Every structure is written in C-alpha cells, then in structure tokens.
Amino acid sequence: MTSPTNLSVAVRGVLRRAVDVFRDEPEIAKLLHQQLDRLDEPLRVAIAGKVKAGKSTLLNALVGEDIAPTDAGECTRVVTWYQDGRTPKVVMYPRSGPPTSLPVHRRDGALAIDLQGTAPEQLDRLVVDWPSQSLRTATLIDTPGIASASTEIARRTWAFLAPEDDSLTEADAVIYLMRHLHSADAQFLESFQDQTVARASSVNTIAVLSRADEVGGGRVDGMFSAKAIARRYQAEPTLRSLCQTVIPVAGLLALTGRTLRQAEFAALKKLAHSPREHADAMLLSVDHFLAPDHSAGSSDSETPTSQNALSREIRHSLLERFGLFGIRLSTTLIRQGTDTPSGLAAELVRRSGMNELAEVLHTLFTQRSDLLKARSALRALEHVLSSSTNAATKDLGGDVERILGGAHELTELRLLSAMRSDEVDLPRAEHAEAERLLGGSGVAPAVRLSLSADANPAQLQQAALEALGRWQRHAENPLFSRVAAEACRAVVRSCEGMLTNLPRE
Amino acid sequence: MPSSTQIEAIDLALETIVRYNRPDLNSRLRQARARLQNGYIRVLVVGEFKQGKSLLVNGLVRAPVCPVYDDVATSVPTVVHYADAPVAALVRILDSGGDPSSTEGRVERVELPISELAQHISDQHISGNGSSNTTPRWHHAEVGIPRAELAGGLELVDTPGVGGLNSVHGAATMTALPSADAVLLVSDASQEYTAPELDFLRQAVKVCPNVACILTKTDLYPEWRRIAELDRGHLAAAGIDAELLAVSSTLRVHAIRSSDADLDAESGFPALMSYLTDRVVGQADLLACRSTAHDVLAVTGQLAGNLRSEYAAHSDPQAVGEVIKQLSQAQQHAEALKERSARWQHTLNDGVGDLNADIDYDLRDRMREIVREAEEELDNGGDPKKVWEQLSGWVEQEVNSAAAANFLWATQRARWLTGQVGDHFSVEGAEILPKLRTETDDALNYVRAMQLRDSEPFGIMQKGLTGLRGSYVGVLMFGMLGTVVGLPLINPFSVGAGLLLGGKGLTDERRRIVARRQSEAKTAVRRYVDDVIFQVGKESRDMLRRVQRDLRDHFTERAEELNLSLKTSLQTAENSVRTSKSQRERRLVEIPSELKHLEALERKVQNLLPQPGSAESVAATPLPEAPLHLTASTR
C-alpha cells in the first residue's frame, strides 16, 4: 500500500503550484492557502442531524466536557466550530465585517456564549478554542438542526453542509445523528453526496442512532432494542449507500459517564439503597422524582431519612445529568454491585455505545484523516480550476487528474462507495470480502484480512497472499462484468499494497 | 347509548304521524332514525412514528389492542370500536381484475383472536418491505372491545407512522381526514414541533372540526412543560387553534395495574378521555340532537299547520274564505320556493360543474409538475436503470401526496357549495345542511405500479455480436482496399480498422440503449401519472356526483314536503265548506286533542336540545358542518 503521506505530498505540491499560478488573483490564492493550511490541521468532522437529535450532547460526550450549550428547546442556532487551542477563546465571525472576540464565561461548567446582541442570522460561524485532548485529532463542528420548525435555522445547516451555489463544503467528514430514519434524514444524506472527486459520500459519513436511551421509553434494557434497530438500519439498502454504518449512542449517558462526580455517585447510592418500592415509585416519572414532598407518591412515612436525604436541588441536577433512564440504570447497576464511582462511570460509558462510536471514528476517520483531508483539498482545487479561465490551469488539471487516477487510496474510496450503492455486481460473498479488503471496516491490515488484532506478521502475510491469489483469479474470471473485474483488480492492488507494507521479520 | 333518547323521540313521532297518511314525512323520519343508528364518531390518531400512538390508543381503551414495539410496529391502520365481546379482524381488499367499480366480493375479512393480531401485523411489516408479495397487503385491522368509553359510538383509528408524515402512508392519512370527527396529533415530549408536524396540523384544522395535540411520554422528559409551552407558541404562531394535552402512557399503565386514581389523574388520560367524550362525542351528539329536533319539529310543524287551518275552517264557516285566501297565499309562497328551487338547482349544477373543472385542472397541474421534475431528473441522470428504484419511489410518494391534497381541496370546496345551495332555503328558517360524507376508497390502489421494461438486455452475447458486426465491416472495408495495393484481405491495417470500428459500434450501441431506456423510463412515468389522473379523476368526479345527488335529493324532498303540506291544508279548507255539521262538530273536538298530542311531542323534542346555559361551552367551538344555522338571506 502506498503510504498516505505520498498522497499528501503530491496534493501539497499541486496546491503550491496552484497558488503560484493564481498569485495575481488574491481571492483564489487565499482560498488555496487555506486549503494548504487545512492539510496540517486536524480533520474537520461536522455533527449534523434533525433538530433536537442530540447533536450538542454528542459533541460534549466526544469531548468529554460540557462545552457546547444544550437545552430542552431548540438551542444551537449558529454553526459552531470547536477546535483545540492553548487557552479558551471564542471568536465570532459575522457575515460581513471583521471577526470579534467574545468573553469566555462558564456557567455550571458549561460554556455560555453571549453574542452581545448580534442576531444569530448575521453570524457566519462561531469558533471556540478549547484545550482538549479529544479535539487534537479532530475539529468538531456543531450545526443547527435540519427540519427545524423555524425554516431559517434549517436553511443555514443546508447551506453549510450542502451548499447550493457550488461553493465548498468545509467539513471533511460527517457524523449524522438521527433518532429514527425520517425521509428528511435520507434526503439530507443524499444531498451530501460528493459531486466531483471520487463521488464517495458513504465513506466519510457515519450515522448515529442518537438518544438511544429513550428508545424503550426509558426501560433499563432499552439499549438492546436500540442495537436491534441500528442493525436493521445497517441492512437497509438506502442507508447503506449513504453512510458507512449505524451505531446506537446514548449521548447523555456517555457525557455523564465521562464526567461523573463523587457527589452524584453518593446521591445515586443513597437512592439505590432506599427501599425498593419507594425508589420504584420515585422513578415512575420525572414529576414523581421531582415531587417536592415525596410522601405524596408513597404513603408510608417510615423512611423519612432516605426521603429527606436527597434535596430537591440534588434530584433536579441528577435528572438533568442522567435522565430518567440514566438514573434507573445507575441505581440498578449499584444494586447489582458496582460500588465505585469509576466502576459506574466505566459501565455507563460502555452501555452508552460511546466506545463503539469512538472505535469506528478511529478506524474510519482518524486513520484515514490524511486521505480525507487530501480529498477535500483536491475537491476545492478542482472547483477552482473548473471555474477559472487561466491558461495555466490545463497543466494543473492534468496534475489533479494524475493524482486522482494514481492514488490507490482514492480508488479504494471510490470503489467502496460504488459497492455500497450496489453498482458493482459481484456475488454476495465476494462483495462482502472485497469491501473488507478495500478497507471498508478499517484500513489496518488485520481488519482488512479479518484476522484478530494481535495476529503476527507471518499470519498476516499468509492471509494476504491467499487473498491475493484468490482475487487474481477473480480478476481473470471472464464471467464477471467489466465493472466487477475492475473492482477485482483494485482489490488485488490493495492486497499487493498490504504485502509490501507488512513488517518483515 | 346517548343517542337512544333521540331514537325514542323519533319512534314516538313516527307513531304519532301514522294516522295522517303522509309517507313523505314518514320516510324523512325513518332516514333520520337510520342516520342516528349508524352514526359513529371517528377519531384519527396520527403522528410521526415512534411517538407513542399505539400506546396512547391502548391507554385509552385500557387494553393492549395495538401492537407496541421499540422498533416501528404499526404498519396497518387499526380501527378500535365498541363490541360486546373482544373481537379482531384483518381486512384486505382483493384485486377484482381491473374492475374498480364493484366493491362487493373484493373485501376479504379474516377473524382472529386479539392476541394474534400483533403477530400478523408485524409479520406483514417484515415481509411487506419487499412489497412484491403476490397476496395483497392487509388494508386495515378492526378490533372490537367492550369498553364503556367506546359505547357512545367512538371509533379510534391508530394510523401507521411508517415513513413519517410526508410519505405515502402520510398521504393516505391525509385523505382520511375529512371523514374524521376528530384528529389527535401525537408528538412526544422529547422535542418541540418540527416542520412536517406543523404542516400537517395546518391541513388538519382546515378539514376537521376537532384537532387536538397530544404530548406523550411526559414521564420520561423533565422539561416537558417547557416543550408544551414551546409547542403552544408554535401553534399560536401558525394560527392553529388546537388544544394541547399532555399524557403519559406509562403512568396510565401503572395506574390501571395498581388501580390508583391519583396516578391515573396524573397520567393525563382522564383529561383526554373527557376531551373526547365532552368535546368530540358531545359535539357530535349535539349535532345529532339538533338535526333530530329539527326533523321532528319540521314534521310536527307541518302537521299542526294543517290541523290549525282545518280547525279554523271548521270553527268559523263564514271565515273559510279568509282561511282559503291565506292558504292560497302560502301556496303562492310555495310556488315562489319552487321558483327559487329552480334557482338553487342552477346554483348546484353550476357549482358542481365549476368544481369538476377546477378539481380536474388542479389534479392535472400537480401531476404535470411531477412529470416535469421526473423527466428533468431522468435527463440528467444517465442510465435510468440504476436510479429507477429511487425515482419510482419518489414519483409514487409525490403523486400520493398530490392526490391527497387535491382530494382535501375538493372536500373543502364541496362543503362550501353546500352552504351556497343551503342559502336559497334559508328564508324558511333554520335549515340543517346534510352532512357530506366524502370518502374515497383509495383510488391509487387500482393504479398499476410503475415498471421499467428491460426490453434490450445488453449482455455479453449482444455485446459480442455488436462488436463483431462493427469489426467485420471494418476488416472487410480496409481489407478490400488493401487487396488493391496487393496486400492480403487480412492485414494489420484491416484488423486495426476492424477493432476500431467494432469498439465504436459498441459505444454507439450502449449510448443508444441508454437513450432508449431514458425515453422508456419517461414513458413509464407518464403512463403511471396518466393512470393516476384517470383513476383519481374518476374518483373525484364520482365523489362530486354523489355530493350533487345527495344535495339535490335532500333539497327536493324539502320542497316537495312543503308543497304537499300546503296542498293538503288548502284541500281540507275547501272541503270544510262541503262537510256536514255533525262531522264538523266532531272534528272540532278531535283537532285540539290531536294538536295537544303534537305539542307534547314538540316539547319532548325541545328538551333534547341543551339548555342555553350549558350549550355555551359546547357551542363556543365551531361546529363541524360549519354553516349550521344560516341566517336569513333575502334573494
């Protein structure tokens, strides 16, 4: 496999030449410079979805801190970037006029952004710098919801991610949140299809079945149902061609798990060890849980200590942080013997599906970040070239073509996307194997060859050789169509790449 | 049953009028009676999927009648109504072989225990995804359950949320709106209203008398009060006048299990139930009362008029002349009504004509737009075989919602026309308009599915042949040229030319086939839309014709009745001159008692109507058939 850096180097080279060609056109040169800079920056991952799908909550959970403001009503109204920075800083970019720095306030740990009277409609974006380990690998972009009741907000997200006027999408990859598959979701994902380079949209999109804790009406086993639903969505052909995979995630649970406080654990413990029927009555509904005088729900007043133990404020904050499902789950876990805060936190994160999401993000986005960034840059360059009349662009166009045709990683992406939308007519078993070998579930050799992660190089080599032979035969198969044969040849190249890059003993 | 008192009153009236030998009045009362008996009050439960619609219905009837599952569960509408013993049935409409007019024998009903219903419906969901089954899908399920709440004729319809509000299912729900007495839009407390939900509400309030918004799952979301406030704000901003009720099905289940009245009240279900019984059923009841009272009073009024004129004639033979004069005046009045009746006929015929043209135009316009967009898409899209599935799905969905919108508009216009025609009669006092039951039976079911015929499979054989043909010509052409300069027929040049021409032949052929597929796809879309226009157009024309016939029959009957009554009165008055004295004496004794009888009946009927004080609360809301009492308009 050619190493990703080769591609990056080539892309950098062509970008530099382009800057040189366009030095007389400052606007374009600036744009190209930005693209160059972007290659050195972390991957940009946009979080999109319908209104109230839990985008900000998921962002907080990914960062592990309460930075994006969340609310019961519609909350995010401006496209907000969260990037790694040495000190906390908020900068507001209006549609017209110079950017302004905003004061950084924290309220109860969460960031409070005061627009200082500027209407959200006049803002292009907010950029938040935040010192965080998680933001170092990827810049996260929070977007307002689509299908919002206020059409203006919905339009802004569309404009950001799927611009009508052919200007460029600024995100390299998308996490798409949905609570259930609505027609608006599919429409949105479709519109995010790439137009020029690679036509590979499914490769940079992950769908997340969000707020998964609410699936079963807050039952403790709700997450299992959520997983079943996610599996069904994964098998659905329309979704397969639109995104890589569907993962159920309970964002709130994950966030709380990552930021569990000692006091909260103590309160939950108290709740878990209060009499069973009393706790159950309390957890029947949010109103019962928050009832000011709790003896109204259960008439027995023999356990005043445990009732008075949790003040209303504590109960309120518990509910806000855990949700009813989280409290039910936590008390159940504590009763079953989880007796340390760290144990509970780990269990909450595990059950929230966050680990799976992080794993998928790592294999599909972070490991490929150079590739995805190069792809974005090439796309931007192609766009510039197609709209330019400069005579020197022909050369550049040739270079871009050469990179596009030569980089096997891009071929892989393109093929993966084609395979997911069923444009390659391989038999079913071969289809699945080809997808895996092309890096559909991750680019590591072990993943491609479906071996365990600790397989030794000899095993890897053995498996790769076998796959190579098998696919060389497939490529020669006269019964396969031209498209399928091309796919087979690409798989062979992937196998060869793996073999050359395998560490030698 | 609340309507039993009304039926009693009508029976009494029927008994009373037997002796007057007026078959026309008799049939009028019998019609009214039949209307009361068959009356049911339909409540549609709609919403996006996974909002808790089925759970809401289950909570309302306190029994697990609708299947509930964490994934999408309801795939067919489930109608829940009263029955003496629990029963369930699945209904499907069989294809009668292209004869959409015969509704008999096309309906298949399968009875089964309620416990198995869920399994059958969800089975369909899994197998129904392929939508290529040979047997038609279940059309709807019916569940009868002995519950006091439903005994008033309440009928709850749990609609499938599959695909969301703006899908084919959603369009089907839309067309069901005009036949519903109330709509409950279910939305859970996790978030405020979204754009599709508000659009739906906007449509619903136009055609349905009672629209309520139900906020479910309040047990799960701490901020449900905020959400309720936000939703109210959205409703107010959109100008939608609908009540918002918050409920929790989970609490309801717990309350039923532990028979805890406080918890039940907290679940919000008693409030919802009382909304349904007081507002929806109450309103329908009030409407039934009014029309019953109106029918009976109209009948007794005409009879009493006859008797009074007879009494006057008998009691004062000298004044007979005066009575006859008055009666002739009244008959002139009736003549005038007849003249007006000619005019209302005109209004009706013209109105229906206009309506037909407008509706047809609207339908064609909508469909043309869809065809245009689809064709554009096909032109840009390359080989249509690849995008066909998506495109046909899109076309079907668009066509469905366009047909639904067209139907809603037709219903609105038809109701307006009823008011217009009713105006001609309004001089006679309060005239109750006939209730229009505009129901479609899903014309789109008869439309054949769109299919892209693959007329020219372009396989290896065809490719080989085409390539061979091209290369043969090339080899021959250049080979012959070569022989002129002394080269053999098969030489490198001729072979090269053959390959070149063969390749060109292949590409040309491929391009030709794609172009051909494109035009075939366009034809398929056009044919489908044509089919839809044909079927839906027929459906809406039929509906309008039904409306026209109903209105004409209704108003002709009224005119006839009035005429006959006056004629009888005139005849009796004229006869009275010739009657003997003894006969006259006898009638003078009889008539007051008969009149008393009639008056007693009138009083009884009047009692059916709510007292002014209590009526306020119900009458404050707009009544279903909007122009109930048309105030006199002089024409």
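pLDDT is the predictor's confidence in each residue, from 0 to 100.

View 1. Chain B has an average pLDDT of 76, and 80% of its residues score at least 70. For the complex, the predictor reports an ipTM of 0.70 and a pTM of 0.71.

**View 2. Two stretches of chain B where pLDDT stays under 50.** One of them covers residues 96-104 of chain B, and the model gives it 4 contacts beyond four places in sequence. The other covers residues 611-635 of chain B, with 32 such contacts beyond four places in sequence. Please look at these with some care: where pLDDT is low, the predicted coordinates should not be read in detail.

**View 3. Helices α17 and α18 of chain A, side by side.** Two packed helices are described by the angle between their axes and the distance between the axes. Here, helix α17 (residues 369-387) of chain A and helix α18 (residues 393-406) of chain A have axes that come within 10 Å and cross at roughly 150°. Because of that angle, α17(A) is roughly antiparallel to α18(A). The crossing of α17(A) past α18(A) is left-handed.

**View 4. The residues where α17(A) meets α18(A).** From α17(A) come Leu378(A), Leu381(A), Glu382(A) and Leu385(A). They meet Thr393(A), Leu396(A), Gly397(A), Val400(A), Ile403(A) and Leu404(A) in α18(A). The residues of this contact of α17(A) with α18(A) comprise 7 nonpolar, 2 polar and 1 charged.

Terms used: Residues are numbered from 1 along each chain as its sequence is written. Chains are lettered from A and ligands numbered from 1 in the order in which they are written. This is a predicted model: local features need pLDDT of at least 70, side-chain atom pairs count only at pLDDT 80 or more; totals for chains, interfaces and linings use all residues. Axes are lines fitted to C-alpha atoms, for helices over the stretch in contact, and angles run from 0 to 180 degrees between N-to-C directions. Helices (H or I, at least four residues) and strands (E, at least two) are DSSP runs, numbered from the N terminus. Angles under 35 degrees count as roughly parallel, over 145 as roughly antiparallel, 65 to 115 as roughly perpendicular and the rest as oblique. A crossing is left-handed if the near helix is turned anticlockwise from the far one by less than a right angle, and right-handed if clockwise. Two residues are in contact if their C-beta atoms, placed from the backbone, lie within 7 Å. Ala, Val, Leu, Ile, Met, Phe, Trp, Tyr, Cys and Pro count as nonpolar, Asp, Glu, Lys and Arg as charged, and the others, Gly among them, as polar.
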